[in-house]
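Subject: Structure for your review

Dear colleague,

Please find below the structure that I am handing over to you.

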Amino acid sequence: MHRLEAVRLTPDGPLVDVTVADGAIGAIEPSGGGPPAIERIVLPALVDLHTHLRDPGHPEAEDLRSGTAAAAAGGYSDVFAMANTAPPTDRVSRVADLLARVPRGTTRVHPVSAVTRDLAGRRLVDVPALVAAGVRVFSDDGRCVADPALVRAMLEASREFGVVFAQHAQDPLVARAGVVNARVAARAGAAPWPAAGEERVVDRDLSIAADTGGHLHVCHLSTAGSVELIRQAKRSGVRVTCEVTPHHLVLDDEAALRAGGALKVNPPLRAAADVLALRAALADGTIDVVATDHAPHPQATKTRGWADSAFGLTGLETALSIVATVLRAPDTGRVDWARLTDVLSVVPARIGGIAARAGRPVRVGEPADLCVVETGVPQPIRVDRHRSRSRNNPFGGWTVRERVVRTLVGGRVAH
């Protein structure tokens, strides 16, 4: 049995004690103590649709033990592990191998299958067999599925089997070898990655989704143009969902210009106007979820300049803090906890097909997948204390007012 004492379920709610027994919430009772020195709110544990665990293949960056520890420290009960490992997760045996090696008593891992064999963009994986093995999300993330015939085939399969095609929208003929937003490329002395490289793929795939009725999920939106395309498609009834990363919500291409390869990410950080459009779309529901795109790399690979530094940033351990900052009303200073819970827990669980277990409300009888958030006390982010094996997080030193202090998965303390 475990007991969370003197916590709140909403910022204005009464102080309660939450008792957990046999993996479920057994009781929620008025707390007998006075107001705590530090306010703590209990939320459904978080769900990340887009995590790179680097296992198998790149243990110097991350492995299952360090990656799930990082996820638990960030408040996550469930993460969807992207397929671009070495070898890639593109067949049933590799799904089974990954699941067999996940450490017990920590964050649950859901393998994402590649869309194409060997991530080569030429031949569709065995979707029926992978669905039978439990896969619910298919993505070549890190690479775009550029062939429209394969996109159509995957979307038709997604409709037939009730799964999701998550696309990395990057037209190779437009983005080419680009590494930085086109607006600042000349000043950076680096190859441009234009917004059109994302928007053309989004536009094309929305059209195919409309034709097929399949479920298209667009990964890591970065431009105002992409937001507007998805907004219009949703109004037209297209079955599309999308995500944004914490870093695309708060960092822009000017920050990237100052930092160089340390802020090299795919898609690149965009202009301030794009950041504002992403924030507005998150607030109005056009963007469905915040996904971390947690992409760990050894520090040495992030200090080689624009051309040679690795793409990617870590995000599991800072996502809630950053999203709470974004969803804080400027006039009252209050966090929109309901929206935060939706975009970090409830909706990603639904998209990923695990809503029967994850993203559940905090009430008696529900699974005890919970995170406890300390709120109201400004504290700096200490990347040196992160559980991830890598330290390529852009928010070190930032002062935040919310942080995860405890995570329960299946009623057990995972962090």
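Predicted model: local features only at pLDDT ≥ 70, side-chain atom pairs only at ≥ 80, totals over all residues.

In soluble globular proteins, nonpolar side chains tend to be buried together. Here, the largest nonpolar core contains 67 residues. Phe138, Leu282, Ile287, Leu340 and Leu344 are the residues with the most contacts inside this core. Leaving aside residues up to four places away in sequence, Leu340 touches Leu43, Leu320, Val323, Ala324, Leu327, Val335 and Ser345. There is also a second, separate core of 19 residues, which includes Ala190, Leu251, Leu269 and Leu313.

Ala72 belongs to helix H1, which covers residues 64-73. Is Ala72 buried or exposed? Its relative accessible area is 0%, and because buried means under 20%, Ala72 counts as buried. Apart from residues up to four places away in sequence, Ala72 touches Thr106, Thr107, Thr407, Ala414 and His415. Between the C-alpha atoms of Ala72 and Thr341 the separation is 16 Å, and these two residues lie 269 residues apart along the chain.

Searching the whole structure gives three cavities of 30 Å³ or more. The largest cavity holds about 40 Å³ of space. Its lining consists of Leu49, Met82, Val137, Val164, Ala166, His217, Cys219, Glu243 and Ile351. Sorted by class, this lining has seven nonpolar residues, one polar residue and one charged residue.

Yours sincerely,
A colleague

Definitions and conventions:
Residues numbered from 1 in each chain as written. Heavy atoms only, no water. Core = buried A, V, L, I, M, F, W, Y, C linked by side-chain atoms within 4.5 Å. Buried < 20%, exposed > 50% of the residue type's maximum accessible area, 1.4 Å probe, protein only. Contact = heavy atoms within 4.5 Å. Helix = DSSP H or I, 4+ residues; strand = E, 2+ residues; numbered from the N terminus. 1 Å grid on protein atoms, 1.4 Å probe; cavity = no way out; pocket = protein on both sides within 12 Å on 5 of 7 lines; lining within 4 Å. Points joined across faces, edges and corners; volume = space filled by probe spheres on them. Nonpolar A, V, L, I, M, F, W, Y, C, P; charged D, E, K, R; others polar.
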